[in-house]
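Good morning, and thank you for coming. I would ask you to keep the sequence and the structure in view while I speak.

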Amino acid sequence: CASDLSSGINAEYGGYKEKAARKEGKAIDSSHFDYLTFHSPYCKLVRKSFARIIYQDYLASDNIINHLEPYRNVQHDYLNRDLEKAFIAESKERFEGMTAPSLLIPRNVGNMYTATLYSCIVSLFVSKSPEDVVGRRIGAFSYGSGLASSFFSFSVTPDLERVRRFCSSLSGIPAFLNSRIKVPPQDFEKLMKDREVNHHKPNRQPSFPFNKLGHGTYYIVRVDEEHRRTYARTSFFEPQPRSDKDRLLQSDCAPHYCPHM
């Protein structure tokens, strides 16, 4: 839940600052980073997470901002909605520069659990130019549903050509996201219902629209009576096949059996 995540940020960011301060020989705050990325089950929580970092910075500083002073000695601060709103407002401009560029994929895909943080890091390299990220330090907070969390940082290589090549390798992501097919809610509900009804059933052939799968996508051709699955793959180069027969003939690799785990 959000309160567990907030307490995780308190602990992990505090621990990071202590270690980094010993290494750097000076106090550390969020200005130590050029960008901050977070676990992002939904994007509103990322904004709250960033505000939590700024709140921790404020507590550690001698700065006095009159409208924030009432929150300096709040007990159970992660449950205080007024505190949260105050620091979201206070950190808005910095959030837009340091974290908002990392939300391209999370906004489009939603919660990917462990992958959410790393989708934010990828999003940052997609959203910013190579010149904006070369040599920069990126902070990262990872969270595991109350069981574990971590805060770490890394620096991007100062080699601009390497960064350009890396960013170029990710340049197709926006087009890939935009190529997705929108369906009415009732069609989506039917697809989900079909999956529910057929879950773990043997001796069947899936009936979802194969012709709408992207290039190079693996898909199930059939499940036999012993739950053994046969897969094929759509072509990388040819138009998507329209029939079961074509799907098998046009696959880039032969159908292959994979035991049900």
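Predicted model: local features only at pLDDT ≥ 70, side-chain atom pairs only at ≥ 80, totals over all residues.

**A covered strand and its surroundings**

Let us begin with strand β1, which is covered on both of its faces: Y35 and T37 on one side, and L36 and F38 on the other, are all buried.

As to the chain in general, its secondary structure comes to eleven helices and six strands. Of its 261 residues, 35% count as buried. Among the contacts in the chain with a separation of 6 or more, 54% are made by residues 24 or more positions apart.

I return now to the sheet. To which sheet does β1 belong, and in what order do the strands follow? The sheet is open, has three strands in the order β1-β2-β3, and shows mixed pairing. Its edge strands are β1, residues 35-38, and β3, residues 148-155, each of which pairs on one side only. Neighbouring strands of this sheet are turned by 15° against each other on average, direction ignored.

In general, the strands of a sheet pair through backbone hydrogen bonds, in either a parallel or an antiparallel sense. In this model, β1 and β2 are paired in the parallel sense, over four bridges. For orientation on the screen, L36 has G139 of β2 as its bridge partner. On the other hand, β2, residues 137-144, and β3 run antiparallel and are joined by eight bridges. Here A140 has F152 of β3 as its bridge partner.

Which helices lie across these strands? Helix α2, residues 43-60, lies across β1 and β3 and runs at about 125° to β1. Helix α6, residues 115-127, lies across β1, β2 and β3, and its direction is at about 145° to β1.

Helix α2 leads us to the next topic, a pocket. The second largest pocket holds about 310 Å³ of space. How many residues line this pocket, and which of them lie nearest its centre? The lining consists of 18 residues, and those nearest the centre are I54, D57, Y58, S61 and N63. Helix α2 gives the most to this lining, with four residues. Both α2 and α3, the latter spanning residues 81-90, supply at least two lining residues each.

I close with two residues whose backbone deserves a look. The first topic is Y113, in the loop between α5, residues 104-109, and α6. Although Y113 is not a glycine, its phi is positive, near 60°. Is Y113 buried or exposed? Y113 counts as exposed because its relative accessibility is 60%, and the cut-off for exposed is over 50%.

The other topic is H227, which is placed in the loop between β4, residues 218-223, and β5, residues 229-233. H227 likewise is a residue other than glycine with a positive phi, in this case near 70°. With a relative accessibility of 22%, H227 counts as partly exposed, because buried means under 20% and exposed means over 50%.

Thank you for your attention.

Conventions:
Residues numbered from 1 in each chain as written. Heavy atoms only, no water. Pairing = 2+ DSSP bridges. Axes fitted to C-alpha atoms, helices over the stretch in contact; angles between N-to-C directions. Contact = heavy atoms within 4.5 Å. 1 Å grid on protein atoms, 1.4 Å probe; cavity = no way out; pocket = protein on both sides within 12 Å on 5 of 7 lines; lining within 4 Å. Points joined across faces, edges and corners; volume = space filled by probe spheres on them. Buried < 20%, exposed > 50% of the residue type's maximum accessible area, 1.4 Å probe, protein only.
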